[in-house]
Amino acid sequence: MSAALVQLHSREASLVLEAREGAPPLWRHLGARVDAAGLAALADGRTPASFSLDEDVPFSTAPPAGLGWFGLPAVTVRRDGRSLVPVWHCTALHADAARISLVLEDAATALRLERRFALAPGGAFLLDASLTNLGTQPVSLDHLASALLPLSAHSAQVVSWHGRHNAELVEAVEPMPRQIWRREGRCGLTGHGGAPALLVLEESAGDHAGQVLALQLAWSGDSVLAIERDDEGCWQLGAGAALAPGEVVLGQGESWSAPQAIVAVSTHGRNGAMAQQHAAVRARLDWPDGRMRPRPVHLNSWEACYFDHDAQRILALAESAAAIGIERFVLDDGWFKGRSDDTAGLGDWTADPVKYPEGLGPLARQVTALGMEFGLWVEPEMVNPDSDLYRAHPDWALVLPGRERPTARNQLVLDMARVEVRDYLFARLDALLGALPISYLKWDHNRDLAPAGGAAQVRGNYDLLARLRAAHPAVEIESCAGGGGRSDAGIAQFTHRFWTSDNIDAVSRVPIQRGFLAFLPPEVMGAHVGASPAHATGRSQSLAFRAAVAIPGHFGVELDPRRLSGAERDELAGWIAFHKQWRHLLHGGWTQLGQGNDGLVWQAAGQGDEFLLFAIRTAPALDRRPQPLRLPFLADAAACTFELLRIAGGEHGHAAHSAPLFAAPVRLAGSWLARAGLPLPPLKAESVAIFHGKVQA
Ligand code: GLA
């Protein structure tokens, strides 16, 4: 009997399910694009296996955990303290070329599970799930998988990221587990290891070729990702929000929706999966007026003066920013009442009367008169015990009855599940945005949650962000959490930039930014030129190297230009102009990452057939001469012309040899560039060769 298939196909991938009369569809394929014509029903091809249930229990879209499915569960739910064992019946199935929707119900437990698989722009699959209590008695939801997927028997490695404040996104590559692999977040927010996300690489997959599956959850809270091997020789991947027992209780008719999972499958290696993830995230970004305009170059006041500022000092900083070409001036922490250090003031969102006796109005108008946008730092979800807000509403902070409230950075967390808390914050922020020409908020979150706030905390914050976006649609928002502690596709629906890391040391930034780009596009990657020595590491780097590493992202400056020499200020202004000249290629288009020989890494970003290539060397070369740089993405091009625009960094010490080859543009065949490679000039440690590339079809 041939199988009744429902399927989604992107250019590179296919998701194939087998519909069954009355039962949840079975997984038949999630992988590279296939033609499933002629496929027999799974039941016709499966021989009985010893020590199995008499009735086969293959992997379905909602397997019956507790009744013969022994793998990861799709749903874990209790009523009256007892675990429920739903057996799902498929009551509706709708499928077209762009989506498959399933309604699954179980009369015995009075539950409904809805699952949706849809194609995102760019070819990723979007997976949604929601559970509804149809019964009269409440149910406790312990887990609802956003995704529960088959991984191929050829899977070889799992790639994930971990990190801490000032050291975000450290990549970990591990072999596929023989038992179970888990990555859980329990800090209440995304965390410095980046989005709840992972890659699964098939044998021989790499940056440019081979099959890679990339999953990220659009979620800014606790999460669990798990990969478990079954005894048939395959792996299952489960992903969802991590819920505490009793946290989600559904009354009659109530539903809970899992965060969306974005699943990319590519046969073009990690770069192919990254491209699909970028496209899916871009589709979630909600730009003012519906489209991204050129990303304005920032100056952020934090590392320029920390808390030590007032109206005069900030105006002088803004004037020096405008003089070097800055387009958006962001006044960071320290502007509000009582905020002379990090012990007081969070919660009271009015200007400090000592530092800003006339409020922020005159300053904001001066900044806009200088031709820049004015942006402001806030940390709405937090409160200092030393604040008027806390004195008035000590009960608004998250607390466990009878327990101390642990502070971090002297602050507590407001309970965002409470309507009155959100209303207060909306009123304060709405008043600021309504009264002043503020076109940007840097929205920070400087601690982990203890006690936990759960999923309701995350959704409460999303709700506040959505309300502010609706009331002030022209205002862009930056997501920050002690640097990159909340960079994910969930909050990306409401925000327009992420602060990638408080570590602005350019050597540290190279791997951090590559980890960021695995799931989020470059135009939302905040990347600044910081001071030297770098405040986070104490290391010194040339201005050119610092600038070149930041250029591909949403560019900015995080230092006081008045502390630079005249020559350095001119050089920085030159880099700002360089970024403005090329940002149309760097943002909104394609990105490729790769590795050369001898520790060199490269990155290309472009639109269509035009791009910039950055060949980046952080550590000194060990080999006498640089090896040519293979650029596999050019394999199908007839030819490509490269012009060396700049070598940034490496100016001092022994002179680098200059080769006449790079004095004029170099034109080489795509096959040569992909398989033999682009000749490179010698690069010293901490330098970047920046090329302009133009493909000839
Ligand atoms: C966090 C952010 C910094 C800065 C400070 C202000 O650490 O990551 O950029 O805004 O807070 O307190």
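1. Sorted by class, the shell around the ligand in this predicted model consists of six charged, four nonpolar and three polar residues. In total, 13 residues surround the ligand, and the closest of them are Asp-332, Asp-333, Lys-442, Gly-483 and Asp-502.

2. For Arg-409, the corresponding separation between a polar side-chain atom and a ligand oxygen is 2.8 Å, while for Trp-499 a polar side-chain atom is found 3.4 Å from an oxygen atom of the ligand. As for the ligand surface, the ligand taken alone exposes 300 Å², of which the protein buries 97%.

3. Elsewhere in the model, four strands form an open sheet with antiparallel pairing, and their order across the sheet is 11-18-17-14. Its edges are strand 11, covering residues 147-151, and strand 14, covering residues 180-185, each of which pairs on one side only. On average, and with direction ignored, neighbouring strands of this sheet are turned by 10 degrees against each other.

4. Which residue of strand 18 stands opposite Glu-228? The pairing concerned is that of strand 17, residues 223-229, with strand 18, residues 235-241; these two strands run antiparallel and are joined by seven bridges. Within this arrangement, the residue standing opposite Glu-228 is Gln-236 in strand 18.

Key:
Residues are numbered from 1 along each chain as its sequence is written. This is a predicted model: local features need pLDDT of at least 70, side-chain atom pairs count only at pLDDT 80 or more; totals for chains, interfaces and linings use all residues. Side-chain values use heavy atoms; hydrogens and water are left out. A residue is near a molecule or strand if one of its heavy atoms lies within 4 Å of it. A polar contact is a pair of N or O atoms within 3.5 Å; within protein, one must be able to donate a hydrogen and the other to accept it, and residues adjacent in sequence count only if both atoms are side-chain atoms. Accessible areas come from the Shrake-Rupley method with a 1.4 Å probe; for residues, only the protein chains shown count as cover. Ala, Val, Leu, Ile, Met, Phe, Trp, Tyr, Cys and Pro count as nonpolar, Asp, Glu, Lys and Arg as charged, and the others, Gly among them, as polar. Two strands pair if DSSP finds at least two bridges between them. Axes are lines fitted to C-alpha atoms, for helices over the stretch in contact, and angles run from 0 to 180 degrees between N-to-C directions.
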